[in-house]
Amino acid sequence: MIEVRSVTKRFGKKSSSVEVLHDIDFSAGTGQIAAVIGQSGAGKTTLSRIISLLERPSEGRILLDGVDVSGLSERRLRDQRRAIGTIFQASSLLARRTAAENVALPLEFAGVGRTERRARVEELLGRVGLSDKADLYPRQLSGGQRQRVGIARSLALAPKVLVSDEATSGLDPSTTRSILALLRELRDDLGLTIVLITHEMDVVRQVADVVTVLDAGRVVESGPVIELLRDPRSELGVGLLPDRSHITTADRDVLWHVTYGSDTVPTNWIELLGKATGWSIGVLSGTVESVGGRPAGRVTISVAGEHPSVGDLLSSWGLHGTRVENATSARTTEEAAA
Ligand SMILES: Nc1ncnc2c1ncn2[C@@H]1O[C@H](COP(=O)(O)OP(=O)(O)OP(=O)(O)O)[C@@H](O)[C@H]1O
């Protein structure tokens, strides 16, 4: 488990320093994938370098499995760094070394003997599904395969925490999915804590257990992904399951934005709502997904007339309903957000 407590980071001399991170609290539990998302310049890489113990915070503390490592000497810090593996973008492999030699690199630096090294490299390449590519050079591998080699290398010293900085950026969607599936497998099989730095909502939705949003060096939202998806007020939740519909309905229709808020939403709630109100219900748009086996969704519906108990009915089924005051303003808001 890694914890970042009240961390501030400034670069430069005191008189002209720039504050890049401000009072950041962040934690990633054992066996958890914690995403950090934010736009370019938000401070993600700086935070990942602090988590990887490559950069010291100006203020605040870093705890690794409950132990404060922020005040350690450079030599002691080097030992602690072994507990943290880092995956960078695929291009970080050494071009003149084969896949196996790239994976062996951290083991060589750590002074692991040749026989043990060979066995470990074989095991690691097997774990990432590349046993048959050991002798190929990076240029002979696909982007996804190169990234798998990078992941195997980051696991060489059996870290407790894996930090992935934009590891899937530049990969196509299906390769991204397979890399994310591998990270999930590693989390489950090895009980790893994985910190995933990304600017992609899809990555967060596909794989993260918890997420922190950074904006201009500050945390603006954080929490379990499922809770944010279920909170109608969460900007990130809306961003994760966006509603990009262009709404066209009859004038008398009343629109509702509906967000799944529990595990027990009846699958036929639209039908039940129609029965209870006597009005026909239209589904204008929406996305309903299973996230870690639990339902999450946002749906926009139209009810063919006014009925006083729509909101109450929705909440009795574990849904949050927000009545859209008028369709024109809803359309404008959504177009602006798109
Ligand atoms: N060593 C440094 N000295 C001065 N400023 C720095 C240093 N490193 C980063 N910064 C500044 O900190 C801010 C955040 O940078 P950082 O690389 O952490 O953002 P990011 O969210 O990872 O962005 P990107 O997604 O574009 O990589 C930027 O304004 C950057 O210029």
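This is a predicted model: local features need pLDDT of at least 70, side-chain atom pairs count only at pLDDT 80 or more; totals for chains, interfaces and linings use all residues.

Colleague: How many helices and strands are in the chain?

Modeller: The chain has 12 helices and 14 strands. Its C-alpha trace spans about 75 × 55 × 30 Å along the principal axes.

Colleague: And what share of the residues counts as buried?

Modeller: Of the 338 residues, 37% count as buried. As for contacts between residues at least 6 apart in sequence, 68% of them join residues at least 24 apart.

Colleague: Which domains is the chain divided into?

Modeller: Domain 1 covers 2-230 and domain 2 covers 241-323. Their C-alpha centres are 39 Å apart. Four residues from domain 1 and eight residues from domain 2 make the contact. On the domain 1 side, the touching residues are three nonpolar, no polar and one charged.

Colleague: Switching to the ligand. Which residues are around it?

Modeller: Phe11, Val18, Val20, Gly38, Ser40, Gly41, Ala42, Gly43, Lys44, Thr45, Thr46 and His199. Two elements give two or more residues to that shell, β2 (18-28) and α1 (44-51).

Colleague: Which of them gives the most?

Modeller: α1 does, with three residues.

Colleague: How does the shell divide by residue type?

Modeller: Four residues are nonpolar, seven are polar and one is charged.

Colleague: Back to α1, which strands does it lie across?

Modeller: β1, β2 and β4, and α1 runs at about 125° to β1. Those strands belong to an open antiparallel sheet of four, in the order β2-β1-β4-β5. β2 and β5 (67-68) are the edge strands, each pairing on one side only.

Colleague: How many bridges join β1 to β4?

Modeller: Five bridges, with β1 (residues 2-11) and β4 (residues 59-64) running antiparallel. Ile2 stands opposite Leu64 in β4.

Colleague: What is the strand order in the sheet of six?

Modeller: β6-β7-β8-β3-β9-β10, an open sheet with mixed pairing.

Colleague: Why is one side of β6 and of β10 left without a neighbour there?

Modeller: β6 (84-87) and β10 (218-224) stand at the edges and have a single partner strand each, so one side of each has no neighbour in the sheet. On average, neighbouring strands of this sheet are turned by 15° against each other, direction ignored.

Colleague: In which sense do β3 and β9 pair?

Modeller: In the parallel sense, over four bridges, between residues 33-37 of β3 and residues 210-215 of β9. Val36 has Thr212 as its bridge partner in β9. Helix α5 (residues 143-154) also packs on this sheet, where it touches β6 and β7 (161-165), and its direction makes about 165° with that of β6.

Colleague: Last topic, β13. Is that strand largely enclosed or open, and why?

Modeller: β13 (residues 294-303) is largely enclosed by the rest of the structure, because seven of its 10 residues are buried.

Colleague: What pairs with β13?

Modeller: β11 (residues 254-260) pairs with β13 in the antiparallel sense over six bridges, and Leu255 stands opposite Ser302. β12 (residues 281-291) is also antiparallel to β13, over 10 bridges, with Gly286 opposite Val299.

Colleague: And how many residues sit between β12 and β13?

Modeller: Two, and the two strands form a hairpin. Gly292 in the turn has a positive phi of about 60°.

Terms used: Residues are numbered from 1 along each chain as its sequence is written. Two strands pair if DSSP finds at least two bridges between them. Axes are lines fitted to C-alpha atoms, for helices over the stretch in contact, and angles run from 0 to 180 degrees between N-to-C directions. Two residues are in contact if their C-beta atoms, placed from the backbone, lie within 7 Å. A residue is near a molecule or strand if its C-beta atom, placed from the backbone, lies within 6 Å of it. Ala, Val, Leu, Ile, Met, Phe, Trp, Tyr, Cys and Pro count as nonpolar, Asp, Glu, Lys and Arg as charged, and the others, Gly among them, as polar. Domain bounds come from an automatic or database domain assignment. A residue is buried if 20 or more other C-beta atoms lie within 10 Å of its own, exposed if 12 or fewer, and partly exposed in between; C-beta atoms are placed from the backbone.
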